[in-house]
Amino acid sequence: MRISRVAHPSMTYRRVLAVASAALVMILAACSTPEPQSLKNAQSYVQQANLKQLDLPAGWSAQSTPSGSATPAAASLSDSQLKIVNGIVSSLPAECQVLKGTFIASLESSPPPGTVAQNVAQYSSAADGNATISSTVAVFGTLGKAQATYALYSASTFPSCLQGFLSRVLPAMFNETVRQEAIASVPTPPLPAGINGIAFSVATQTAPGKNAQTQVSVSQEVVIQSGRALAFEEEQSETTALPVDTQTVFDQSVTTVAHRLFHPPT
């Protein structure tokens with residue numbers, strides 16, 4: 001989930017999270033030293049596990065080249081922006097303040113803290129209102145870090161915390177008037193036994209200014225955890241409801257990636 005507003009304001013939660021949309025970036029150890037085999041294994045795993053264009057039906061095309069460790073890091077927030085974020089987070093309920101690091105990483109287009117390898121891909125379908133499907137697979141340094149990150153998204157308070165944060169940060173940092181925003185937990189597509197999953201939806205109506213025309217969008221994200229690996233699957237459309245065939249393709253994509261998450265790096 002990212003919140004960087006490089007395109008349309010509808011790309012909300014993957015803008016705050018892990019988990020899309022453009023793509024998330026990697027933070028790795030210095031490239032000047034030989035990479036340990038464990039890191040090479042993680043990099044190979046995320047590439048193989050991620051969604052491929054061949055997994056999608058005709059009509060879907062790659063919107064960007066799948067990216068991994070070669071992606072340059074995004075710029076950090078300025079001191080004034082950090083001050084805004086700190087003030088917003090401190091105004092939220094206490095149970096939401098644990099998400100501060102995740103929110104900042106999302107605004108910086110960075111992965112959740114603790115990742116060592118990740119791969120990002122995005123696909124679009126002009127036939128479905130320019131709907132997009134984004135997929136990110138990441139490996140964390142330890143099982144504990146992966147579980148802790150998944151716990152942030154699976155908490156019952158996450159939708160309300162995200163909604164509270166977005167309702168404040170969009171006007172404060174992106175000069176967007178939030179006319180309506182609803183974030184809610186939704187059923188997770190079928191997943192293999194032994195793999196954790198949580199899903200939520202985001203419906204927004206925003207405008208770049210008080211008197212500007214309202215822009216609408218609807219999104220859904222599924223976060224999947226298998227050992228040290230997490231996958232962030234997102235679908236988004238600039239409509240008030242996701243097209244039925246897009247939802248079908250997305251559910252199949254989630255299942256495809258979930259099956260590939262078996263046997264993550266140890």
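Is Arg 260 buried, exposed or partly exposed, and what is its relative accessible area? In this predicted model, Arg 260 is partly exposed, at a relative accessible area of 28%. The report returns to this residue below, after an outline of the chain.

## Overall fold

The protein chain contains six helices and seven strands. Read from the N terminus, its elements follow the order α-β-α-α-β-β-α-α-β-β-β-β-α.

The chain has 266 residues, of which 51% are buried. Its exposed surface comes to about 11,300 Å², with 55% of that supplied by carbon and sulfur atoms.

## The salt bridge

One salt bridge is present in the structure. It joins the side chains of Arg 260 and Asp 55, with an N to O distance of 2.8 Å. Arg 260 belongs to helix α6 (residues 244-260), while Asp 55 sits in the loop between α1 (37-49) and β1 (61-67), so the pair ties together parts of the chain that are 205 residues apart in sequence.

Asp 55 has a relative accessibility of 28% and counts as partly exposed. Arg 260, the partner in the salt bridge, is partly exposed as well, at 28%.

## The disulfide

A search of the whole structure gives one disulfide. Its two members are Cys 96 and Cys 161, whose sulfur atoms are 2.0 Å apart. Cys 96 is in the loop between α2 (79-91) and α3 (100-107), and Cys 161 is in helix α5 (residues 158-174), so this link ties together parts 65 residues apart in sequence.

The angle about the S-S bond is -80°, and the link of Cys 96 and Cys 161 is left-handed. Both Cys 96 and Cys 161 are buried.

## Nonpolar cores

The largest nonpolar core has 31 residues, and the members that touch the most others are Val 85, Phe 165, Val 169 and Val 223. At least two residues of this core come from each of α2, α3, β3 (131-140), α4 (143-154), α5, β5 (196-207) and β7 (229-237). Helix α5 gives the largest share, eight residues.

## Glu 233 in strand β7

Glu 233 is located in strand β7. Is this residue buried or exposed? Glu 233 has 0% relative accessibility, so it counts as buried, the limit being under 20%.

The side chain of Glu 233 makes a polar contact of 2.9 Å with the side chain of Ser 135. Leaving aside residues up to four places away in sequence, Glu 233 touches Ser 134, Ser 135, Thr 136, Gln 220, Glu 221, Val 222, Ile 224, Phe 250, Val 254 and Val 257.

## Ser 109 in a loop

Ser 109 lies in the loop between α3 and β2 (115-125). Where does its relative accessible area place Ser 109, buried or exposed? With a relative accessible area of 11%, Ser 109 is buried.

Along the chain, Ser 109 and Ser 76 are 33 residues apart, and their C-alpha atoms are separated by 8.9 Å.

Conventions: Residues numbered from 1 in each chain as written. Predicted model: local features only at pLDDT ≥ 70, side-chain atom pairs only at ≥ 80, totals over all residues. Heavy atoms only, no water. Disulfide = S-S within 2.5 Å. Helix = DSSP H or I, 4+ residues; strand = E, 2+ residues; numbered from the N terminus. Buried < 20%, exposed > 50% of the residue type's maximum accessible area, 1.4 Å probe, protein only. Core = buried A, V, L, I, M, F, W, Y, C linked by side-chain atoms within 4.5 Å. Salt bridge = Lys/Arg side-chain N within 4 Å of Asp/Glu carboxyl O. Polar contact = N/O pair within 3.5 Å; in protein donor to acceptor, adjacent residues only side chain to side chain. Contact = heavy atoms within 4.5 Å. Areas by Shrake-Rupley, 256 points an atom, 1.4 Å probe, with all protein chains shown as cover.
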